[in-house]
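Please look over the structure shown below, and then read the short report on selected parts of it.

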Protein chains: 2
Amino acid sequence: MLTVYGMKASGNCYKVQLLLELLGRPYRWVEINSAAGETRTPEFLAKNPNGRVPLLELEDGRRLPESNAILCFLAEGSPYLPTDGFARAQALQWLFFEQYSHEPYIAVARFISGWLPQDHPRRAELPRLRERGHQALAVMEQHLSRQDWFVGARCTVADLALYAYTHNAADGGFDLMAYPALRAWLARVEAQPCFKPQTH
Amino acid sequence: MLTVYGMKASGNCYKVQLLLELLGRPYRWVEINSAAGETRTPEFLAKNPNGRVPLLELEDGRRLPESNAILCFLAEGSPYLPTDGFARAQALQWLFFEQYSHEPYIAVARFISGWLPQDHPRRAELPRLRERGHQALAVMEQHLSRQDWFVGARCTVADLALYAYTHNAADGGFDLMAYPALRAWLARVEAQPCFKPQTH
C-alpha cells in the first residue's frame, strides 16, 4: 500500500490526500508535525534530504517528495492528468504557478496569521504577502471567468493543487467576495464524486 | 517557427534557450525587458496574464508560460525527458525543488546584488536568502555526491533547470568552493554537445 508522510493542516499535504480519495486508492497516512521539527530529524532527512512533507513512499520503498510531482505521478493514466501534450503542459503551467506565484503568498499568510503569536515580527510581512496573493487570485479569477476548469473541460491536478490553499485563503486574511468565478470553481471542485474536505 | 519571449539576463529564460540549442530546434527570440516594465504592458499581459517571461508561442499562436512547463513540453520525445513514469516524476520533483527551494533564494540574491543600488533596503534580505540558498545547494551537493545527474544516467530537464541559476550563483554571493560534486556537475552540463553559455 502507498504511504503518505504528511501534516493534515498543510495544504500541500492535503492535495495528495484529496487526489488519493478522488482516485479511490488506499493509502496509509503517517502524520508528521513539521511545526514540531519532525521533518528535520535524522530519520526523516534520510527519507527526504530537503526536509519537507508531503513525501510519498511506494510499496517497493521508492520515495517521491514535492506535492505537485506526487500529484502528476499518482494521476498518470487517470482523467486527472491530460494525455494531450499541450494540455499536459498547461496543467504543469498551473502547478508551477501554484508553487511560485500562489502558495508562497497565500499559504505563508495563512501560516503567519494562524500559527504565530500576535506580536511576532513576521506579521510585518503580511501586507506584501496579501498584495502578491491577491495578484495570484486575480489571475485565477480572470482565467475562471472564461472556463470552468484550469485546463480543458474537466477537473485535473491543476485544479486540485490550486484548491488546496485557495479554499481556506480566508485563514490568511483573503476575502474571496471579489472573486465570483473563483468561488463558483471552488464549489465545482467540492462537487466532485468522492471529494474529501480538509480536516485539521 | 517557435517564438520565445524572454530576457537574456534571466536564468528562467536561459533554461528555455539552452534546451532549444541542445535540441537543435530553430526559434525566434523576442527580448522583453522586465526590469523596464515590459512584462506589465497591456500587450504583454494579453499574452501572459501573470506578466512574466519566459513565454513560449507556438506556430499556431498557442502560448505557454512557466519556464519548467516549457522545458517539459519541448523535451517531450527527446532524451531530456525520461519516459519511465517514476523517473519522469523525479524530474518533476527537481523542477519543483528548483522553483520553490532554489530560485527564490539564489536568483533573488543575484537580482538584489547585481541590479539594485548599494543602499537599497532590499539588501537587508540578503543574509536570509543566502542561508536558504546554501540549504538548497547542500541538498544538491548531497545528491550529486552519489550520482552524476539529477535523474537517471544522463542529462535531463532537471539538470538544465538547476544549471540556470547555479552556474552564476557567485553573482549573488554564493561561493561554490564548498560544493565539489556540484562544480563537477556544472562542468558535465557544459560539456553537453551543442551547449550554449548564457550571454547577457
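## The second largest pocket

In this predicted model, the second largest pocket has a volume of about 270 Å³. A pocket is found on a 1 Å grid over the protein atoms alone, as an open set of points where a 1.4 Å probe fits, with protein on both sides within 12 Å along at least five of seven lines; its volume is the space filled by probe spheres set on the points. The lining, meaning residues with an atom within 4 Å of a point, consists of 18 residues, and A:Arg88, A:Leu92, B:Glu76, B:Arg88 and B:Leu92 lie nearest the centre. Two or more lining residues come from each of α3 (67–75) and α4 (85–115) of chain A, and from α3 (67–75) and α4 (85–115) of chain B, where a helix is a DSSP run (H or I) of at least four residues.

By class, the lining has 12 nonpolar, 2 polar and 4 charged residues; Asp, Glu, Lys and Arg count as charged, Ala, Val, Leu, Ile, Met, Phe, Trp, Tyr, Cys and Pro as nonpolar, and the others, Gly among them, as polar.

Helix α3(A) is mostly covered, since 8 of its 9 residues are buried, which means under 20% relative accessible area, while exposed means over 50% and partly exposed lies in between (1.4 Å probe, protein chains only). Just after α3(A), A:Gly77 takes a positive phi of about 85°.

A:Glu76 forms a salt bridge with A:Arg88, the closest N and O atoms being 3.2 Å apart; the term requires a side-chain nitrogen of Lys or Arg within 4 Å of a carboxyl oxygen of Asp or Glu. This pair links distant parts of the chain, with A:Glu76 in the loop between α3 and α4 and A:Arg88 in helix α4, 12 residues apart. A:Glu76 is partly exposed, at 43% relative accessible area, whereas A:Arg88 is buried, at 16%.

## How the two chains are related

Chain B can be laid on chain A with an RMSD of 0.0 Å by a turn of 180° and a shift of 0.0 Å along the axis, using least squares on the C-alpha atoms of residues with pLDDT of at least 70 in both. The two copies are therefore related as by a two-fold rotation axis.

## Notes on the model

Residues are numbered from 1 along each chain as its sequence is written, and chains are lettered from A and ligands numbered from 1 in the order in which they are written. Local features need pLDDT of at least 70, side-chain atom pairs count only at pLDDT 80 or more, and totals for chains, interfaces and linings use all residues, while side-chain values use heavy atoms, with hydrogens and water left out.
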